[in-house]
Amino acid sequence: MAHKKGQGSTQNGRDSNSQRRGTKVYAGEAIRAGGIIVRQVGTLIHAGRGVGMGRDFTLFALRDGIVKFTDSRNQKQVTVVPADPGAA
């Protein structure tokens, strides 16, 4: 048997691609309909008014507006409130 392994490829050298999860749009920021607000695993943050939830728990805006996060006793929630048409 050989005492040295030889010039083959390594057994390690594999890694998965990052999932890129997290908050994409923060409170007070404007968002367009269909824009992703949060990418998450499970319902850490729940969908409120104007927010939809995808099959992989991604939260996205159902309408144009301003993102708002609320934190009740036991549940975080994100909503999209319509932008004030008078504001520039």
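Leaving out residues up to four places away in sequence, Arg 39 touches Gln 19, Arg 20, Arg 21, Gly 22, Lys 24, Asp 56 and Thr 58, where contact means heavy atoms within 4.5 Å. This is a predicted model, in which local features need pLDDT of at least 70 and side-chain atom pairs count only at pLDDT 80 or more, while totals for chains, interfaces and linings use all residues. Residues are numbered from 1 along each chain as its sequence is written, and side-chain values use heavy atoms, with hydrogens and water left out.

Arg 39 sits in strand E3; strands here are DSSP runs of E, at least two residues long, numbered from the N terminus. Its side chain makes a 2.9 Å polar contact with the side chain of Asp 56, and the Arg 39 side chain also gets to the backbone oxygen of Gln 19 at 3.2 Å. A polar contact is a pair of N or O atoms within 3.5 Å; within protein, one must be able to donate a hydrogen and the other to accept it, and residues adjacent in sequence count only if both atoms are side-chain atoms.

Now for the strands around Arg 39. E3 (residues 36-39) pairs with E1 (residues 22-23) in the antiparallel sense over 2 bridges, pairing being called when DSSP finds at least two bridges between two strands. Arg 39 is the bridge partner of Gly 22. E3 also pairs with E6 (residues 59-61), again antiparallel and over 2 bridges, and here Ile 36 is partnered by Phe 60.

Val 38 is buried, at 2% relative accessible area (buried means under 20%, with a 1.4 Å probe and protein chains only).

Technical notes. Helix = DSSP H or I, 4+ residues; strand = E, 2+ residues; numbered from the N terminus. Buried < 20%, exposed > 50% of the residue type's maximum accessible area, 1.4 Å probe, protein only.
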